[in-house]
Amino acid sequence: MPDVRMITAKRILTRQKGGFLTEGPYPYTHTLSWAVGCGFGSIYCGQYCYASAFPNWLYNKQPGEQWGDAVILKENAPELLDAELAKAKNRHEMRIFMSSVTDPYQPLERRYRLTRRCLDVFAQYRDLDLLIIQTRSPLVIDDIDRIAAIPYAWLSMTLETDRGDLPYGPSANHVRQRLEAVTAAARAGCQVQITVSPCMPYTPDFADLLAASGAQRVVVDTFVDGDGSQGHRTAASPFAEQADYNWRATDPARALYESLRGRGLAVGWSAAGFGGIPPRQHVLI
Ligand code: SF4
């Protein structure tokens, strides 16, 4: 388990002024991360996680700490969120991505319930445009009723592959649990998307599994398109040494994207896919 430290933050919503989350047709306006660091930093995705090089971690970690060694919790995140939403002038335009530099359902959530308490705040404000809850954790299953009750919330589940045998990917158990969480959330009435991000080697059944999962959208991404540096960040990461395939090749991800089209679900590519959920008023017109 990572070392846990607490801070009292001054703000919780970070306005987006550029970057990956603003490059789609419907950009995000804010991110929400209640932690500095990530409790999943010591598992496979921590090997290529671009957030490990971001200043908020580098300036706040202690000497010698590696990504995944510590998580700094913004213990007042729900109260700050309530205050910032209460005074926001254009709430109906707010499109929030939770979270871009940590996972809202990392194991610590089971104890501290900061995501749950933030969801309870969002539930009091019915007029936002979009809240994406981006996770790779089946722990989200604990909150699917809360997510379903927020009209602008989407569960967005990362699923890089349906293979559980990759030494640099999720276990078979985790693949199964994530798909089960997606299906359960969809059945509970949640809006759900799956992000194949970054796309890793997959079986011939992957497109069928995604199409049958209950998700309404699938976003396919690659290390080259999605790491913010055309693959340079990934090339410098420990993952690049572990990978036993050409992770720079985007054709397999393109093939998956093409094979998902025409199956009754929305399919998006990289930044355009992440930023591809239309504003709610567009949907209503
Ligand atoms: S869950 Fe996300 S933020 Fe956390 S280590 Fe993995 S890729 Fe990075």
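I began with Ser99, which sits in the loop between β6 and α3 (109-112). The model I am reading is predicted. I looked at the peptide bond that joins Met98 and Ser99 and found it to be cis, with omega at about 10°.

I then looked for another bond of this kind. Ser197 and Pro198 are also joined by a cis peptide bond, and omega there is about -5°. I placed Pro198 in the loop between β9 (191-196) and α7 (206-211).

**Arg95**

I went back to strand β6, which covers residues 95-98 and holds Arg95. Is Arg95 buried or exposed? Arg95 counts as buried because its relative accessibility is 4%, and the cut-off for buried is under 20%.

I checked what the side chain of Arg95 meets. A polar contact of 2.6 Å links it to the side chain of Asp129. Leaving out residues up to four places away in sequence, I listed the residues that Arg95 touches: Tyr26, Pro27, Tyr28, Thr29, His30, Asp129, Leu130, Ile277, Pro278 and Pro279.

**Helix α3 and Glu109**

Next I looked up Glu109, which belongs to helix α3. Glu109 has a relative accessible area of 0%, so I noted it as buried. Its contacts, apart from neighbours within four places in sequence, are Trp34, Pro104, Leu114, Thr115, Arg116, Leu139 and Asp143. I also took one distance from Glu109: Val140 is 31 residues away in sequence, and the C-alpha atoms of the two are 9.4 Å apart.

**Two positive phi values**

Between α3 and α4 there is a loop, and Arg113 lies in it. Arg113 is not a glycine, yet I found its phi to be positive, at about 55°. With a relative accessible area of 16%, Arg113 is buried.

Gln230 is also a residue other than glycine with a positive phi, near 55°. I found Gln230 in the loop between α8 (223-226) and α9 (232-235). Its relative accessible area is 58%, so I wrote Gln230 down as exposed.

**Helix α4**

Which residues of helix α4 are buried? In this helix, residues 114-122, I listed Leu114, Thr115, Cys118, Leu119, Val121 and Phe122. They lie on the same side of α4, because the arc they cover around the axis is only 155°.

**Nonpolar cores**

Phe122 came up again when I turned to the largest nonpolar core, which has 59 residues. Phe122 is among those with the most contacts inside this core, and the others are Leu81, Leu85, Leu131, Leu210, Val220 and Leu256.

I followed up Leu131. Not counting residues up to four places away in sequence, Leu131 touches Ile96, Met98, Leu119, Phe122, Tyr152, Ala153 and Trp154. Another core, of 20 residues, lies apart from the largest one and includes Cys45, Tyr48, Met200 and Trp247.

**Around the ligand**

Which residues are around the ligand? I listed Cys38, Phe40, Gly41, Cys45, Cys49, Trp67, Val101, Thr102, Asp103 and Arg136. Sorted by class, this shell has six nonpolar residues, two polar and two charged.

Notes. Residues numbered from 1 in each chain as written. Predicted model: local features only at pLDDT ≥ 70, side-chain atom pairs only at ≥ 80, totals over all residues. Heavy atoms only, no water. Buried < 20%, exposed > 50% of the residue type's maximum accessible area, 1.4 Å probe, protein only. Helix = DSSP H or I, 4+ residues; strand = E, 2+ residues; numbered from the N terminus. Arc of directions from axis to C-beta. Near = heavy atom within 4 Å. Nonpolar A, V, L, I, M, F, W, Y, C, P; charged D, E, K, R; others polar. Polar contact = N/O pair within 3.5 Å; in protein donor to acceptor, adjacent residues only side chain to side chain. Contact = heavy atoms within 4.5 Å. Core = buried A, V, L, I, M, F, W, Y, C linked by side-chain atoms within 4.5 Å.
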